[in-house]
Amino acid sequence: MSDAHLTERPVDDGPEPVDLTDEPIRLSRRDPALEPERRPVSRRRKIALTAALVVGLAGAAALGLGGWRVLAEKDTELDAPATVAGLTRDDSDRARSTADYLRDGFAADIELDRSFGTVYTDPADAKRSVLLFGGTTLLWQPERDLDSLFGLMADETGRVTGLREVNAGGLGGVMKCGTTSGDGGDFAVCGWADHGSVVMGMFPGRSVDDSAALFRQLREGIQHR
(Lines give C-alpha, C1' and ligand atoms only; values in the text may rest on other atoms or scores of the structure.)
Protein backbone atom coordinates (compact mmCIF):
# COMPACT_ATOMS: atom_id res chain seq x y z
CA MET A 1 0.00 0.00 0.00
CA SER A 2 1.29 3.49 -0.92
CA ASP A 3 1.81 6.15 1.75
CA ALA A 4 1.44 8.99 -0.67
CA HIS A 5 -2.03 9.89 0.54
CA LEU A 6 -0.66 10.50 4.03
CA THR A 7 1.83 13.15 2.90
CA GLU A 8 -0.74 15.00 0.91
CA ARG A 9 -3.07 15.62 3.88
CA PRO A 10 -3.27 19.24 4.97
CA VAL A 11 -2.00 19.86 8.48
CA ASP A 12 -4.93 21.03 10.61
CA ASP A 13 -4.58 23.75 13.19
CA GLY A 14 -3.02 22.54 16.47
CA PRO A 15 -0.78 23.76 19.28
CA GLU A 16 2.30 25.68 18.44
CA PRO A 17 5.40 23.50 18.12
CA VAL A 18 7.77 23.51 21.07
CA ASP A 19 10.85 25.57 20.51
CA LEU A 20 13.86 23.55 21.69
CA THR A 21 16.80 25.66 22.81
CA ASP A 22 20.22 24.96 24.15
CA GLU A 23 19.13 25.95 27.68
CA PRO A 24 18.43 23.05 30.09
CA ILE A 25 14.80 22.35 30.84
CA ARG A 26 13.95 23.01 34.50
CA LEU A 27 11.54 20.53 36.06
CA SER A 28 11.33 22.38 39.38
CA ARG A 29 10.38 25.90 40.32
CA ARG A 30 12.99 26.02 43.09
CA ASP A 31 15.81 28.42 42.52
CA PRO A 32 19.14 26.54 42.62
CA ALA A 33 20.82 29.69 43.90
CA LEU A 34 18.70 29.50 47.05
CA GLU A 35 19.41 25.79 47.69
CA PRO A 36 21.91 24.98 50.48
CA GLU A 37 25.23 23.78 49.20
CA ARG A 38 25.50 20.01 49.29
CA ARG A 39 28.90 18.96 50.47
CA PRO A 40 30.14 15.59 49.27
CA VAL A 41 30.48 12.95 52.01
CA SER A 42 34.14 12.54 52.85
CA ARG A 43 35.84 9.16 52.64
CA ARG A 44 36.60 9.31 56.36
CA ARG A 45 32.95 9.90 57.19
CA LYS A 46 31.90 7.01 54.96
CA ILE A 47 34.32 4.73 56.78
CA ALA A 48 33.02 5.92 60.16
CA LEU A 49 29.41 5.34 59.14
CA THR A 50 30.26 1.90 57.79
CA ALA A 51 32.12 1.00 60.97
CA ALA A 52 29.21 2.17 63.10
CA LEU A 53 26.83 0.05 61.05
CA VAL A 54 29.06 -3.01 61.38
CA VAL A 55 29.38 -2.51 65.14
CA GLY A 56 25.63 -2.08 65.45
CA LEU A 57 24.95 -5.26 63.52
CA ALA A 58 27.56 -7.15 65.55
CA GLY A 59 25.99 -5.90 68.78
CA ALA A 60 22.55 -7.00 67.65
CA ALA A 61 23.90 -10.41 66.70
CA ALA A 62 25.65 -10.77 70.07
CA LEU A 63 22.49 -9.77 71.88
CA GLY A 64 20.51 -12.33 69.92
CA LEU A 65 23.09 -15.03 70.59
CA GLY A 66 23.17 -14.18 74.29
CA GLY A 67 19.39 -14.28 74.50
CA TRP A 68 19.29 -17.64 72.77
CA ARG A 69 21.90 -18.99 75.20
CA VAL A 70 19.87 -17.84 78.21
CA LEU A 71 16.75 -19.52 76.86
CA ALA A 72 18.65 -22.73 76.12
CA GLU A 73 20.27 -22.98 79.55
CA LYS A 74 17.80 -21.49 82.01
CA ASP A 75 15.60 -24.59 82.45
CA THR A 76 18.10 -26.91 84.09
CA GLU A 77 17.53 -29.86 86.40
CA LEU A 78 20.09 -31.42 88.73
CA ASP A 79 19.87 -34.83 90.36
CA ALA A 80 22.21 -37.13 92.23
CA PRO A 81 22.11 -40.63 90.72
CA ALA A 82 23.23 -43.60 92.79
CA THR A 83 26.27 -44.09 90.56
CA VAL A 84 27.95 -41.66 88.19
CA ALA A 85 31.40 -41.39 86.61
CA GLY A 86 32.55 -44.54 88.40
CA LEU A 87 31.61 -43.15 91.83
CA THR A 88 28.91 -44.32 94.27
CA ARG A 89 26.63 -42.02 96.22
CA ASP A 90 27.24 -42.17 99.97
CA ASP A 91 23.91 -42.27 101.80
CA SER A 92 25.34 -42.71 105.30
CA ASP A 93 24.23 -40.32 108.04
CA ARG A 94 27.67 -38.77 108.24
CA ALA A 95 27.82 -38.13 104.50
CA ARG A 96 24.31 -36.69 104.47
CA SER A 97 25.14 -34.40 107.37
CA THR A 98 28.22 -33.12 105.54
CA ALA A 99 26.28 -32.65 102.30
CA ASP A 100 23.48 -30.78 104.06
CA TYR A 101 25.98 -28.48 105.76
CA LEU A 102 27.61 -27.61 102.44
CA ARG A 103 24.28 -27.20 100.69
CA ASP A 104 22.87 -24.88 103.37
CA GLY A 105 26.01 -22.77 103.42
CA PHE A 106 25.96 -22.50 99.65
CA ALA A 107 22.28 -21.57 99.54
CA ALA A 108 22.95 -18.80 102.07
CA ASP A 109 25.39 -17.16 99.65
CA ILE A 110 23.23 -17.30 96.52
CA GLU A 111 19.47 -17.41 96.06
CA LEU A 112 18.55 -20.73 94.47
CA ASP A 113 15.29 -22.17 93.21
CA ARG A 114 16.43 -25.66 94.17
CA SER A 115 19.59 -26.77 95.97
CA PHE A 116 21.31 -30.09 96.48
CA GLY A 117 24.34 -31.56 98.23
CA THR A 118 25.76 -35.05 98.05
CA VAL A 119 28.89 -37.08 98.67
CA TYR A 120 30.26 -39.65 96.24
CA THR A 121 32.79 -42.26 97.28
CA ASP A 122 35.50 -43.74 95.13
CA PRO A 123 35.38 -47.56 95.36
CA ALA A 124 39.14 -47.63 94.77
CA ASP A 125 40.00 -45.26 97.63
CA ALA A 126 37.65 -44.05 100.38
CA LYS A 127 39.92 -41.05 101.02
CA ARG A 128 39.13 -39.71 97.55
CA SER A 129 35.46 -39.00 98.15
CA VAL A 130 33.95 -36.14 96.14
CA LEU A 131 31.68 -33.52 97.73
CA LEU A 132 29.20 -31.79 95.43
CA PHE A 133 26.80 -28.95 96.28
CA GLY A 134 24.91 -26.35 94.30
CA GLY A 135 21.56 -25.70 92.72
CA THR A 136 19.49 -24.21 89.94
CA THR A 137 18.54 -20.60 89.36
CA LEU A 138 18.57 -18.02 86.58
CA LEU A 139 22.03 -16.47 86.33
CA TRP A 140 22.51 -13.52 83.98
CA GLN A 141 26.30 -13.41 84.47
CA PRO A 142 27.43 -16.96 85.28
CA GLU A 143 31.17 -16.31 85.32
CA ARG A 144 30.87 -13.32 87.64
CA ASP A 145 28.67 -15.29 90.06
CA LEU A 146 31.03 -18.26 89.98
CA ASP A 147 34.01 -16.05 90.78
CA SER A 148 32.07 -14.56 93.70
CA LEU A 149 31.37 -18.04 95.09
CA PHE A 150 35.03 -18.98 94.87
CA GLY A 151 35.76 -15.85 96.87
CA LEU A 152 33.17 -16.75 99.49
CA MET A 153 34.77 -20.18 99.94
CA ALA A 154 37.72 -18.43 101.57
CA ASP A 155 35.55 -17.97 104.67
CA GLU A 156 35.08 -21.73 105.01
CA THR A 157 38.15 -23.47 103.64
CA GLY A 158 40.69 -20.81 102.84
CA ARG A 159 41.57 -18.86 99.73
CA VAL A 160 41.42 -20.71 96.41
CA THR A 161 44.78 -20.39 94.67
CA GLY A 162 45.75 -21.08 91.08
CA LEU A 163 42.17 -20.60 89.93
CA ARG A 164 41.92 -21.07 86.18
CA GLU A 165 39.31 -21.76 83.54
CA VAL A 166 39.08 -25.32 82.25
CA ASN A 167 37.12 -27.01 79.49
CA ALA A 168 33.42 -26.91 80.44
CA GLY A 169 32.44 -29.75 78.10
CA GLY A 170 29.43 -30.05 75.85
CA LEU A 171 27.00 -28.44 78.31
CA GLY A 172 28.74 -25.10 77.93
CA GLY A 173 28.85 -22.33 80.46
CA VAL A 174 32.05 -21.71 82.38
CA MET A 175 34.08 -24.10 84.54
CA LYS A 176 37.03 -23.22 86.77
CA CYS A 177 39.32 -25.13 89.12
CA GLY A 178 41.91 -24.26 91.72
CA THR A 179 43.41 -25.44 94.98
CA THR A 180 42.45 -24.75 98.58
CA SER A 181 43.38 -26.19 101.95
CA GLY A 182 41.49 -28.07 104.63
CA ASP A 183 42.02 -30.31 107.65
CA GLY A 184 43.45 -33.04 105.45
CA GLY A 185 45.77 -30.74 103.51
CA ASP A 186 45.44 -29.17 100.09
CA PHE A 187 42.78 -30.39 97.68
CA ALA A 188 41.31 -29.37 94.35
CA VAL A 189 38.07 -27.44 94.11
CA CYS A 190 36.08 -26.90 90.91
CA GLY A 191 32.90 -25.10 89.95
CA TRP A 192 30.68 -24.70 86.93
CA ALA A 193 28.05 -22.10 86.15
CA ASP A 194 25.72 -21.46 83.25
CA HIS A 195 22.50 -19.48 82.89
CA GLY A 196 20.51 -22.12 84.78
CA SER A 197 22.78 -23.73 87.38
CA VAL A 198 25.86 -23.38 89.54
CA VAL A 199 27.65 -26.26 91.28
CA MET A 200 30.87 -26.60 93.28
CA GLY A 201 32.91 -29.73 93.92
CA MET A 202 35.70 -30.64 96.33
CA PHE A 203 38.20 -33.33 95.31
CA PRO A 204 40.53 -34.52 98.10
CA GLY A 205 43.51 -36.56 96.95
CA ARG A 206 43.26 -35.49 93.29
CA SER A 207 45.19 -33.08 91.13
CA VAL A 208 43.48 -30.10 89.53
CA ASP A 209 43.66 -31.67 86.05
CA ASP A 210 42.22 -34.99 87.25
CA SER A 211 39.51 -33.16 89.19
CA ALA A 212 38.53 -31.07 86.17
CA ALA A 213 38.14 -34.19 84.01
CA LEU A 214 36.11 -35.97 86.69
CA PHE A 215 33.98 -32.87 87.29
CA ARG A 216 32.98 -32.79 83.60
CA GLN A 217 31.93 -36.43 83.79
CA LEU A 218 29.92 -35.80 86.95
CA ARG A 219 28.22 -32.83 85.34
CA GLU A 220 27.17 -34.87 82.32
CA GLY A 221 25.50 -37.40 84.64
CA ILE A 222 23.92 -34.85 86.99
CA GLN A 223 22.74 -31.97 84.83
CA HIS A 224 19.76 -32.25 82.46
CA ARG A 225 18.02 -29.66 80.30
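Strands β7 (residues 174-182) and β8 (residues 185-193) run antiparallel and are joined by 9 bridges. Helices (H or I, at least four residues) and strands (E, at least two) are DSSP runs, numbered from the N terminus.

A note on the source: this is a predicted model, where local features need pLDDT of at least 70 and side-chain atom pairs count only at pLDDT 80 or more, while totals for chains, interfaces and linings use all residues. Residues are numbered from 1 along each chain as its sequence is written, and side-chain values use heavy atoms, with hydrogens and water left out.

Next I traced the open sheet: 8 strands in the order β2-β3-β4-β5-β9-β8-β7-β6, with antiparallel pairing (two strands pair if DSSP finds at least two bridges between them). β2 (83-84) and β6 (161-166) are at the edges with a single partner strand each, so one side of each has no neighbour in the sheet.

Then I turned to salt bridges (a side-chain nitrogen of Lys or Arg within 4 Å of a carboxyl oxygen of Asp or Glu). My search of the whole structure gave 11. One of them joins E143 and K176, N to O at 3.1 Å. E143 is in helix α4 and K176 in strand β7, so this pair ties together parts 33 residues apart in sequence.
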